[in-house]
Amino acid sequence: MMFIRRIATTAALLVIVTSCEREDRRLNSQQPAAPTQMVPEVRLQPGPTLISDTTEGPYDDNAYGTTEGQVLFEQMNCSGCHANGGGGMGPPLMDDEWVYGSKPDQIFASIAEGRPNGMPTWKYRLNNQQIWQLVAYVRSLSGLTPKGARPSREDHMMVKPAPAQTPNAKPKNSGLPGSAQRP
Amino acid sequence: MHSFFDPASPQARAVAGLWWWMFGVGFVIWLGVAALAVYVANAGHGQRESDDLMHVPPETRRRIERIVSASVFATVLVLAVFLVYDFSVGRLLAQHPQRALTIDVVGHQWWWEVQYEDPNPSKRVGTANEIHVPVGETVQFKLRAADVIHSFWAPNMNGKRDLIPGYVSTLWFKADTAGVYRGQCAEFCGLQHAQMAFYIVAEPPVKFAAWLAAGSAPPEPPTDSTLLYGQRVFMSSGCAVCHAIGGTEAKATVGPDLTHFKGRSSIAAGSLANTRANLTRWIQNPSAIKPGVRMPALPFKPAELNALVSYLETLK
């Protein structure tokens, strides 16, 4: 009995600790810096497509930052090309294919620097904090961020389960190359 | 001025009248009850035998019954009178003319977007956090919310009305006393709910018409080199991504319309007086003044910031 109670207390404390981090709004703290090495482009690589996901962006585990990213995604008209993550003129963001990499700093670079064929440069328009918030939201769409911090509802019509219900992305490091996986 | 006791429209006057009557009658009843309580506390306790509740003499019993039924009747009467009065005030507030000046108000976290409707799109006037209305004319508000539930409340003009996402609610009033009246979001809407104020500027119809006509005209384009530089900073940095300035390429609708920014009395929905020093402080770090605000701090160099503020100060 004592043992069970101890486990329950520890679990409750853990929940409190993690939920603090999740809801922390970081209003007065310093802005997170841009990645030290802005990756200009991801080189062609042999073998299968990789989602090598060991790193985390500064807002990946933060529900407030992720939803602020969601608001920005709509306000900055990302949906104009990426259509709520489903893709249109621009590539979809809710699948597991990443033309320029799925790591937070790679996505940061894609937003900040822009990409060929239409992705504009945002680094003169948004500050680092806003771009990191967008990074967290974009990664939450395909289940790359911790599940507890992902938005539990969409602001637009929900055509698929909300990011919080999206299964965690599995690292793809075996199998056929990405191009060969297409039917 | 932000007080419901100082009505400036027939609508607010009717509500204030109802309030004063309720207060007065309630106060008289309270005085009567308090006096009775004091009287009873000080009165003698009577004979010992009459304390026996099982043996109340018939004439005393009849007196008690008469007193109780009279008080119940008086209570019901007072409530019924107030029910009728309240209903008639509600009817009065619900009356509105077929055609009225229509103003679209959209509540955002944490500011008010204001648009004056006009069949001619080039005559539509957009502003924020400051609503000019003509004295003596009924004004209709179409209220919408962009994100969460807000509530539009100008106590000197009319009661509260909630703004609900995906739904248009309406409110109307006729200002009859010129003046500047403060309004406030009255439904908790997030961190800066308290700093989500607006101003109703009630002015004579002639003055209002002149203001409206000037409102649809773009501001003078800058000629001075500093101001031109400031305008370039505005257009090429993050400012133009969210704000609009009439007559320029900045047409975004995420943040407040800045076409006639300097014509307004406050910055950031009533947070700061609209002075040059406050504007500089605000642009440097909005979060220091309104923590959680959606406007980001952008890394301007001092020369850029100075030129930008000089340019914004010309948007009369």
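The dialogue below walks through some features of a predicted model.

Q: Which residues of strand β1 of chain B are buried, and which way do they point?

A: Burial is judged by a cut-off: a residue is buried under 20% relative accessible area. Strand β1(B) covers residues 101-108, and eight of its eight residues are buried. L101(B), I103(B), V105(B) and G107(B) point one way, while T102(B), D104(B), V106(B) and H108(B) point the other way. Both sets are buried.

Q: Which strand runs parallel to β1(B), and how many bridges join the two?

A: Strands are read as paired when at least two bridges are found between them. Here β5(B), residues 138-145, runs parallel to β1(B), and seven bridges join them. Within this pair, F141(B) of β5(B) stands opposite I103(B).

Q: In what sense do β1(B) and β2(B) pair, parallel or antiparallel?

A: Antiparallel: six bridges link β1(B) to β2(B), which spans residues 111-116. The bridge partner of I103(B) in β2(B) is Y116(B). A hairpin of two residues connects β1(B) to β2(B). The loop between these strands holds W110(B), and the peptide bond joining Q109(B) and W110(B) is cis, with omega about 0 degrees.

Q: What is the largest nonpolar core, and which residues have the most contacts inside it?

A: In soluble globular proteins, nonpolar side chains tend to be buried together. The largest nonpolar core in this model has 31 residues. Those with the most contacts inside it are I103(B), I131(B), V133(B), F141(B), F152(B), M157(B) and I200(B). Strands β1, β2, β4, β5, β8, β9 and β10 of chain B each supply at least two of its residues. The most comes from β5(B), which gives four residues.

Q: What is the strand order in the open sheet of five strands, and which strands stand at its edges?

A: The order in chain B is β4-β10-β9-β6-β7, with mixed pairing. β4(B) and β7(B) stand at the edges; each has a single partner strand, so one side of each is left without a neighbour in the sheet. On average, neighbouring strands are turned by 25 degrees against each other, direction ignored. β6(B), residues 150-153, pairs with β7(B) in the antiparallel sense over three bridges, and H150(B) has L163(B) as its bridge partner in β7(B).

Q: Which helix packs on this sheet, and which strands does the helix touch?

A: Helix α3 of chain B, residues 205-215, packs on the sheet and touches β4 and β10 of chain B. The direction of the helix makes about 135 degrees with that of β4(B).

Q: Where is N117(A), and what is its phi?

A: Phi is read residue by residue, and the residue type is noted with it. N117(A) is not a glycine, yet its phi is positive, near 65 degrees. N117(A) lies in the loop between α4 and α5 of chain A.

Q: Is N117(A) buried or exposed?

A: The cut-off for exposed is over 50% relative accessible area. N117(A) is exposed, because its relative accessible area is 82%.

Q: What is the phi of A269(B), and where does A269(B) lie?

A: A269(B) has a positive phi of about 55 degrees and is not a glycine. A269(B) sits in the loop between β11 and β12 of chain B. With 1% relative accessibility, A269(B) counts as buried.

Definitions and conventions: Residues are numbered from 1 along each chain as its sequence is written. Chains are lettered from A and ligands numbered from 1 in the order in which they are written. This is a predicted model: local features need pLDDT of at least 70, side-chain atom pairs count only at pLDDT 80 or more; totals for chains, interfaces and linings use all residues. Side-chain values use heavy atoms; hydrogens and water are left out. Buried means under 20% relative accessible area, exposed over 50%, partly exposed in between (1.4 Å probe, protein chains only). A nonpolar core is a set of buried Ala, Val, Leu, Ile, Met, Phe, Trp, Tyr and Cys residues joined through side-chain atoms within 4.5 Å. Axes are lines fitted to C-alpha atoms, for helices over the stretch in contact, and angles run from 0 to 180 degrees between N-to-C directions. Contact means heavy atoms within 4.5 Å.
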